[in-house]
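Hi,

Here is the structure I said I would pass on. Have a look at it, then read my notes below.

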Amino acid sequence: MINFLILPILIPLITGVLLIFAAKRIMLQRWIAGLSSVITIMVSALLVQKVRNDGIQTLDVSSWEAPFGITLVSDMMSAILVLTTSIVAFACLIYSFWSIGEDREKFYYYAAFNFLIVGVNGAFTTGDIFNLFVFFEVMLMASYVLLVLGGKKAQLRESIKYILVNVISSALFVIAVAYLYSVVGTLNMAHISVRISEISQVAQPGIITVIAVLFLIVFGLKGAIFPLYFWMPGSYYAPPAPILALFGALLTKVGVYSITRTYTLFFYHDIGFTHQLLSILAIMSIIVGVIGAIAYWDVKKIIIYNIIVAVGAILFGISAMTPDALSGSIFYLVHDMIIKAALFLLAGIVIAIAGTSDLHKISGLIKRYPGLGWTFFIAALALAGIPPLSGFIGKLLIVKGGFEAEQYWGAGIVLMSSLLVLFSIMKIFINGFWGTPRAYKGEDTVPVRRMMIAPVILVAIAVLYGVGSEFVYPYISQAAETLANPNIYIEAVLKEY
Amino acid sequence: MEILMAFVIGILFMSATYLMLSKSLLRIIVGTGLLSHGAHMLILTMGGLKRGAAPLLGEHASSYSDPIPQALILTAIVISFGVTAFFLVLAYRAYQELGTDNMDRMRGTEGND
């Protein structure tokens with residue numbers, strides 16, 4: 001047992017608290033936030049290596065032994081996601097330096113930013129279902145602040161809807177935990193899994209299925225799956241690019257992670273019903289997302305709808321529950337976090353130059369900004385999953401797993417969706433970057449070169465992730481192994497229990 | 001007792017849903033308050049309403065009450081308290097800025113703000 005795995009939660013927390021006191025000194029804030037972000041990346045990279053060498057790491061907080069106290073658990077999946085979160089956070093942070101504006105920086109932008117990372121890393125790391133709720137709330141509270149910071153009319157209007165949706169889903173989360181507690185009498189995730197297996201020996205009782213669906217609703221609202229995505233296009237449209245990138249890359253993925261965790265650890269006894277439902281919803285998400293992405297002529301909206309497509313593809317892999325599909329899902333999850341952040345940041349630059357996100361009013365950008373154009377092009381190819389870029393391996397494994405699970409329709413739709421995703425994102429490229437160049441008001445004040453740093457780093461990581469998938473694969477398959485075989489997780493948490 | 005609590009919770013959820021479906025922002029916020037009250041009562045009931053001694057090692061009682069639901073409720077109350085406070089401030093600010101508290105008039109489309 002080591003205290004190592006709490007550091008990716010603790011470092012942003014302390015940084016956030018410190019930054020509140022330095023609110024008016026912008027340069028100091030940037031340095032503190034940047035440094036702590038780099039340290040978090042290094043710590044989480046070490047954590048990934050530690051999990052690779054020594055297996056699942058656990059920490060019983062205050063030495064209350066599992067299952068009695070709160071346990072933090074870092075298996076390969078959460079370690080990888082924490083690392084990805086730290087990298088995406090770092091990119092969004094340095095992008096913010098030149099784009100977010102002094103007004104926001106003086107009003108606790110960096111503090112709220114760090115608290116958001118606390119919530120996300122905490123949600124990935126915790127091994128206690130109620131603690132997951134608490135970290136969700138930390139994350140949501142920070143996201144409310146980030147969403148409304150700036151106080152424009154659209155932001156206020158959308159924040160109200162966003163908060164209302166999330167308050168309702170939090171209440172449902174509490175209800176679901178209460179039901180689960182009354183059935184199994186424990187909150188430790190590994191222990192819940194043991195208890196559910198005990199009572200599901202003959203068949204999974206109906207109440208467990210009800211709880212499973214309730215959890216799907218709760219996390220589906222956060223992760224924006226098919227019938228519950230309605231709040232997302234509006235709310236994510238309001239904030240500026242770095243915040244949008246942070247939300248799009250991290251917040252929905254926390255919902256996806258939670259569905260993955262609960263559906264592979266708790267509710268794997270009656271796959272016929274719950275996972276079938278999950279797979280139908282996942283496929284519907286893909287279809288709806290693709291329709292939205294094709295229909296809109298707005299840079300932000302197109303990428304926002306692509307989030308829904310990606311969430312659908314990942315959850316389809318989870319619902320298939322074969323080792324290949326699970327590793328494909330994890331592969332795709334990490335890829336999607338990186339590439340969505342990159343695309344949102346690039347879209348942010350396009351919007352900053354053109355002063356609008358309407359594709360009808362943008363054209364010919366590649367003439368003056370070739371670097372921006374080609375980076376966007378590579379990011380678009382990676383998103384669609386063109387080999388050898390990062391989206392390819394993930395989608396390949398998901399589709400392979402789908403065929404193995406005999407879900408031909410679903411796997412086919414995942415495949416077809418790639419083409420339409422490519423079409424939707426190429427629409428931005430063709431209309432925005434090709435054509436006759438236009439003059440835009442105030443484009444010379446945009447520090448394009450500096451703003452390009454973060455997306456270029458992310459796209460480079462995405463390319464390396466795809467090309468070097470041979471090197472990444474052992475890590476991913478270790479993560480998938482834990483998901484496919486919950487006993488590894490249980491034994492690591494409840495050692496002598 | 002549990003049956004009675006179930007009815008109370010049901011009524012709380014019912015009124016919360018009714019209030020949240022109305023157009024006035026203030027009613028919606030009151031609705032979210034009732035919703036979280038209902039959820040908290042549900043945790044308490046789901047743990048089982050026992051009449052036992054305090055769960056301390058020194059008390060040599062035959063039955064103890066379960067402390068976990070109470071700890072959970074305490075946490076959930078604090079969180080919903082914070083969120084409600086934030087929501088109220090946001091609603092006031094939105095009212096000042098948008099000049100309405102009617103959800104129908106907050107629909108708005110992109111580009112006209």
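Gly234(A) is partly exposed, because 18 other C-beta atoms lie within 10 Å, while a residue needs 20 or more to count as buried. Bear in mind that this is a predicted model. You'll find Gly234(A) in helix H10 of chain A, which covers residues 232-237. Leaving out residues up to four places away in sequence, Gly234(A) touches Glu158(A) and Lys161(A). Leu422(A) sits 188 residues from Gly234(A) along the chain, and their C-alpha atoms are 23 Å apart.

Next, a helix pair in chain A. Helix H3 (residues 76-97) packs against helix H19 (residues 448-467) at an angle of about 160°, and their axes are 7 Å apart. Since angles over 145 degrees count that way, H3(A) and H19(A) are roughly antiparallel to each other. On the H3(A) side, the residues that meet H19(A) are Ile87(A), Ala91(A), Cys92(A), Ile94(A) and Tyr95(A). Their partners in H19(A) include Met451(A), Ile453(A) and Leu458(A). The residues of this contact divide into 11 nonpolar, no polar and no charged.

Then there's the place where the two chains meet. Here 28 residues of chain B are in contact with 26 residues of chain A. On the chain B side, helix H2 (25-46) and helix H3 (67-98) each supply at least two residues. H3(B) gives the most, with 14 residues. By type, the side of chain B that touches chain A has 18 nonpolar, 6 polar and 4 charged residues.

Cheers

Notes
Residues are numbered from 1 along each chain as its sequence is written. Chains are lettered from A and ligands numbered from 1 in the order in which they are written. This is a predicted model: local features need pLDDT of at least 70, side-chain atom pairs count only at pLDDT 80 or more; totals for chains, interfaces and linings use all residues. Two residues are in contact if their C-beta atoms, placed from the backbone, lie within 7 Å. Helices (H or I, at least four residues) and strands (E, at least two) are DSSP runs, numbered from the N terminus. Ala, Val, Leu, Ile, Met, Phe, Trp, Tyr, Cys and Pro count as nonpolar, Asp, Glu, Lys and Arg as charged, and the others, Gly among them, as polar. Axes are lines fitted to C-alpha atoms, for helices over the stretch in contact, and angles run from 0 to 180 degrees between N-to-C directions. Angles under 35 degrees count as roughly parallel, over 145 as roughly antiparallel, 65 to 115 as roughly perpendicular and the rest as oblique. A residue is buried if 20 or more other C-beta atoms lie within 10 Å of its own, exposed if 12 or fewer, and partly exposed in between; C-beta atoms are placed from the backbone.
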